[in-house]
Amino acid sequence: MFRQIGPLEISLILLVVVLLFGAKKLPEMARSLGKSARILKSEAKAMKSENQESAAAPAEAPAEQTASAQRTIKAAPGDVTGGRPVTEASDSTQR
């Protein structure tokens, strides 16, 4: 019923993709997809390390936890905008 995808089918799919998006847009789309993947990976790594730090040090003073922490969001490689400092609220109800 179903056959395997051969070189003819792959080339036909690539031709349709190029016709739909245009040859100029494909490198830009691949670049933005790479940036998004790097940002997602770095944010997931940061969240994991924050969870491990909070589990490792539960005896911290509450005053340190409620103080708004300043951290810098780092730009992806090749991004010319640079990092920007961000102040995060410690409690979601106090915005």
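Predicted model: local features only at pLDDT ≥ 70, side-chain atom pairs only at ≥ 80, totals over all residues.
**Entry 1: the overall layout.** I started by listing the secondary structure, and I got three helices and two strands. Then I read along the sequence and wrote the order down as α-α-α-β-β.

**Entry 2: helix α1.** I looked up α1 next, and it runs over residues 7-21, which is 15 residues. From its first C-alpha to its last it reaches 21 Å, close to the 21 Å expected at 1.5 Å a residue. Just after α1 I found Gly22, and its phi is positive, about 85°.

**Entry 3: α1 against α2.** How do the axes of α1 and α2 cross? I checked: they come within 9 Å and cross at roughly 95°, with α2 covering residues 25-56. Angles from 65 to 115 degrees count as roughly perpendicular, so that is what I call α1 relative to α2.

Which residues meet there? On the α1 side I noted Val17, Val18 and Phe21, and on the α2 side Lys25, Leu26 and Met29. I sorted the residues of this contact by type and got five nonpolar, no polar and one charged.

**Entry 4: the whole chain.** The chain has 95 residues, and 2% of them count as buried; the cut-off for that is under 20% relative accessible area. Its accessible surface comes to about 8700 Å², and carbon and sulfur atoms hold 62% of that. I also looked at contacts with a separation of 6 or more: residues 24 or more positions apart account for 24% of them.

Terms used: Residues numbered from 1 in each chain as written. Heavy atoms only, no water. Helix = DSSP H or I, 4+ residues; strand = E, 2+ residues; numbered from the N terminus. Expected span 1.5 Å × (residues − 1). Axes fitted to C-alpha atoms, helices over the stretch in contact; angles between N-to-C directions. Parallel < 35°, antiparallel > 145°, perpendicular 65-115°, else oblique. Contact = heavy atoms within 4.5 Å. Nonpolar A, V, L, I, M, F, W, Y, C, P; charged D, E, K, R; others polar. Buried < 20%, exposed > 50% of the residue type's maximum accessible area, 1.4 Å probe, protein only. Areas by Shrake-Rupley, 256 points an atom, 1.4 Å probe, with all protein chains shown as cover.
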